[in-house]
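This briefing is for a reader who is new to the structure. Please look at the sequence and the model first, then read the notes below.

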Amino acid sequence: MNSFGNIFRVSIFGESHGPSIGIIIDGAPAGIDFSELDMEDDIKRRMPRERGTTARREPDRPDIVSGIFNAKTTGAPVTIMFKNNNTISKDYERFNTIPRPGHADFTAMKKYKGFNDNRGGGHFSGRITLPLVAAGVLAKKILKGVTISSRIVEIGGKENYQSIIDEVLLSGDSVGGIIEVKLAGLPAGLGEPFFNSCESDISHIIFSVPAVKGIEFGSGFASARMKGSGHNDMIISTDGKTATNNAGGISGGITNGNDVVFRVAVKPTPSIGLAQETINIETGEIENLSINGRHDACIALRAPVIFEACAAIAMADLYLKYIIDNCWSI
């Protein structure tokens with residue numbers, strides 16, 4: 001549904017053009033330093049700034065309404081809200097009748113019988129990733145000594161991607177990309193066998209982000225073309241460090257003490273200016289649809305900090321279980 005996690009549990013709410021969006025974080029230990037200022041840097045990293053990102057500009061000022069006292073977590077649920085101000089909802093009025101190809105317009109209408117708020121994509125909008133970024137900042141504070149970094153590997157199949165961004169902007173099209181995330185400093189032993197393995201939990205929350213179409217850890221899909229002798233990571237020290245990291249820092253679903261590394265495939269934005277054919281729900285006829293409004297030509301440009309946040313949330317949940325299992329204190 002709209003919640004993720006077992007101990008460090010997050011629940012998102014709101015719609016893209018509703019009054020506000022936000023997140024409730026339950027399970028954060030008491031006594032962690034946390035304030036609106038702590039979120040400033042990561043929130044800015046998600047904002048549309050580069051060429052190829054949306055023209056919608058929001059202040060994105062977080063408002064902490066519960067769970068914090070004297071700039072420290074109290075142990076109660078932390079609620080963070082963001083106001084929506086810069087909305088132009090008329091751009092979306094026709095999409096209940098003429099759904100956008102590649103978007104959730106059609107499936108949301110079918111699931112919720114037309115009662116869903118489709119303005120700006122509603123609850124299916126990428127704007128809902130803003131509260132995830134906010135929760136990720138608190139999750140990072142729980143993961144003491146862990147460094148989380150991310151980078152754009154490629155856009156449209158190119159490492160030097162500005163030319164393809166210019167190309168799709170000129171044509172009215174869009175383009176996807178690949179993002180890599182690395183977590184350094186995680187202890188060995190995080191993760192549960194099978195359904196709550198480290199890969200399972202990270203993949204679960206990563207796939208909750210709109211536009212994600214794939215994820216791989218370590219050597220990923222390339223491992224299918226390797227031999228065991230080449231893929232196996234030789235252990236070179238008693239703390240589990242290995243000579244290579246084809247496993248992506250995870251063995252048997254459990255962190256092995258090496259960097260956790262994964263890459264995410266982000267699809268092209270479905271809302272494009274080029275004419276596309278789609279069905280008119282009322283007439284049953286195929287029509288041409290050209291989409292106006294403010295949309296990212298490349299969602300991947302703003303995705304790195306979002307995937308960092310997702311990884312932090314998943315690992316904070318597993319880390320707190322690890323602490324409880326071992327009767328340690330943070």
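A cavity is a set of grid points where a 1.4 Å probe fits but cannot get out. The model described here is predicted. It holds one cavity of 30 Å³ or more.

**The cavity**
- About 50 Å³ of space lies in the largest cavity.
- Its lining is made up of R100, H103, A104, D105, A108, N116, D117, N118, G121 and F124.
- Sorted by class, the lining residues of the largest cavity are three nonpolar, four polar and three charged.

**Helix α2**
- Helix α2 spans residues 105-112, and D105, A108 and M109 are buried in it.
- K113 follows α2 and has a positive phi, near 55°.

**Residue T129**
- T129 is part of helix α3, which covers residues 129-142.
- Buried means under 20% relative accessible area, so T129, at 3% relative accessibility, counts as buried.
- A polar atom of the T129 side chain lies 2.6 Å from the backbone oxygen of G126.
- Leaving out residues up to four places away in sequence, T129 touches R46, V209, P210 and I306.

Definitions and conventions:
Residues are numbered from 1 along each chain as its sequence is written. This is a predicted model: local features need pLDDT of at least 70, side-chain atom pairs count only at pLDDT 80 or more; totals for chains, interfaces and linings use all residues. Side-chain values use heavy atoms; hydrogens and water are left out. Buried means under 20% relative accessible area, exposed over 50%, partly exposed in between (1.4 Å probe, protein chains only). Helices (H or I, at least four residues) and strands (E, at least two) are DSSP runs, numbered from the N terminus. A polar contact is a pair of N or O atoms within 3.5 Å; within protein, one must be able to donate a hydrogen and the other to accept it, and residues adjacent in sequence count only if both atoms are side-chain atoms. Contact means heavy atoms within 4.5 Å. On a 1 Å grid over the protein atoms alone, a cavity is a set of points where a 1.4 Å probe fits but cannot get out, and a pocket is an open set with protein on both sides within 12 Å along at least five of seven lines; lining residues have an atom within 4 Å of a point. Grid points are joined across faces, edges and corners, and a volume is the space filled by probe spheres set on the points. Ala, Val, Leu, Ile, Met, Phe, Trp, Tyr, Cys and Pro count as nonpolar, Asp, Glu, Lys and Arg as charged, and the others, Gly among them, as polar.
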